[in-house]
Amino acid sequence: MITNTSMGIRKKVGHRSGIYAGRSSTVPVFPGKIELLPHRCFFGDQALPGSCRTKGDNMYTNCADPELELHPRLVYGTILRTQDDAFIVATADGECRCEQAVSCLVRPQPGDRVLLSQDSEEGSYVLAVLCHGDARQGTEIQFNGDVNIRVRRGSLGLAAEDAIQCTSEQYGVYAQSGEIAVARLSLLGRIIQWQTQKVLAVAESVEQVFGSLTQRLKSSQRFVEGHEDVQCGSSRQLVEETCSVQAKNINHTAEELVKVDGEQVHLG
């Protein structure tokens with residue numbers, strides 16, 4: 001058998017045919033004289049730099065340069081603390097600095113038990129958060145850069161027993177149709193601007209309180225089935241053309257003065 005480690009290559013005797021070169025790996029060897037060095041493979045007296053191809057029992061196997069191969073290993077660890085965008089993790093071999101893998105969506109927190117991928121060339125990465133150090137600790141999902149969630153065939157649902165909160169500098173919702181069913185809704189803002197083609201509102205009662213109200217309408221119609229009461233400090237109406245008031249009974253009462261002025265005044 002041939003065993004290749006990061007510290008060098010050792011040769012052992014095996015009983016099966018085959019050859020493989022890789023860091024920290026043990027595989028069968030073809031019968032015959034085969035010698036492996038860190039950068040060359042020898043079959044007989046012929047040296048093949050970088051890689052070799054040996055033949056035995058009608059089988060061919062490539063032997064690549066061991067310095068060009070990386071063999072990561074999986075390690076358990078515990079998050080000790082954060083350091084910039086990385087983490088200091090305690091493992092069985094000691095402390096190491098790890099980065100969060102893109103596939104690891106849950107943001108590791110100090111005390112969390114994590115699964116690491118380590119190798120001597122590329123460094124260490126946190127692949128997954130296995131469990132939290134504190135069961136009462138919340139879970140945070142963090143991304144770097146733009147993120148798009150797309151559902152091609154189906155729907156997307158969000159459900160929470162307590163609350164759903166959205167915080168952003170800008171928020172937009174675009175849909176062909178939508179429904180909102182809320183038992184109690186509170187809206188707070190500095191400026192609200194909306195444009196629509198048609199508004200239909202149905203309510204049992206409406207109460208509005210404004211500091212000032214300005215309305216500009218091309219035409220206005222209002223139908224009041226019961227009683228209408230308007231109370232104001234003063235009132236003024238300007239009509240460019242004709243003002244018509246029709247009623248079964250009209251009662252005008254003034255404490256001091258009633259004035260009717262016009263070129264013609266018809267009574268009766």
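Visitor: What makes you speak of confidence in this chain, and how does the protein score?

Guide: Welcome! The protein chain averages a pLDDT of 77, and 74% of the residues score at least 70; pLDDT is the predictor's confidence in each residue, on a scale from 0 to 100. This is a predicted model, in which local features need pLDDT of at least 70 and side-chain atom pairs count only at pLDDT 80 or more, while totals for chains, interfaces and linings use all residues. Residues are numbered from 1 along each chain as its sequence is written, and side-chain values use heavy atoms, with hydrogens and water left out.

Visitor: Over which residues is the pLDDT below 50?

Guide: Residues 1–45 fall below 50, and beyond near neighbours in sequence this stretch has 106 contacts in the model, a contact being heavy atoms within 4.5 Å. Residues 47–64 are also below 50, with 39 contacts beyond near neighbours in sequence. Where pLDDT is low, the predicted coordinates should not be read in detail.

Visitor: How do you know which strands close into a barrel?

Guide: Strands are DSSP runs of E, at least two residues, numbered from the N terminus, and two of them pair if DSSP finds at least two bridges between them. Here 5 strands close up in the order S9-S10-S11-S13-S12, with mixed pairing. Neighbouring strands of this sheet are turned by 55° against each other on average, direction ignored; the axes behind such angles are lines fitted to C-alpha atoms, and angles run from 0 to 180 degrees between N-to-C directions.

Visitor: What makes S11 and S13 count as a pair?

Guide: Strand S11 (residues 94–100) and strand S13 (residues 123–131) share 2 bridges in the parallel sense, and the rule asks for at least two, so they pair.

Visitor: Which strands run antiparallel to S12?

Guide: S9 is joined to S12 by 6 bridges, with leucine 74 facing serine 117 of S12. S13 is joined to S12 by 7 bridges, and leucine 115 has alanine 128 of S13 as its bridge partner. Elsewhere, S10 (residues 86–91) and S11 also run antiparallel, over 6 bridges, and a hairpin of 2 residues connects them.

Visitor: Why is serine 124 called buried?

Guide: Buried means under 20% relative accessible area, exposed over 50%, and partly exposed in between (1.4 Å probe, protein chains only). Serine 124 has 12%, so it is buried. Its place is in strand S13, and the side chain of serine 124 makes a polar contact with that of glutamine 118 at 3.5 Å. A polar contact is a pair of N or O atoms within 3.5 Å; within protein, one must be able to donate a hydrogen and the other to accept it, and residues adjacent in sequence count only if both atoms are side-chain atoms.

Visitor: Why is aspartate 84 called exposed?

Guide: Aspartate 84 has a relative accessible area of 69%, and is therefore exposed. This residue lies in the loop between S9 (73–83) and S10, and its phi is near 60°, a positive value in a residue other than glycine.

Visitor: What makes up the largest nonpolar core?

Guide: A nonpolar core is a set of buried Ala, Val, Leu, Ile, Met, Phe, Trp, Tyr and Cys residues joined through side-chain atoms within 4.5 Å. The largest one has 10 residues, among them Val75, Phe87, Cys96, Val114 and Val126. S9, S10, S11 and S12 (113–119) each supply at least two of its residues.

Definitions and conventions: Helix = DSSP H or I, 4+ residues; strand = E, 2+ residues; numbered from the N terminus.
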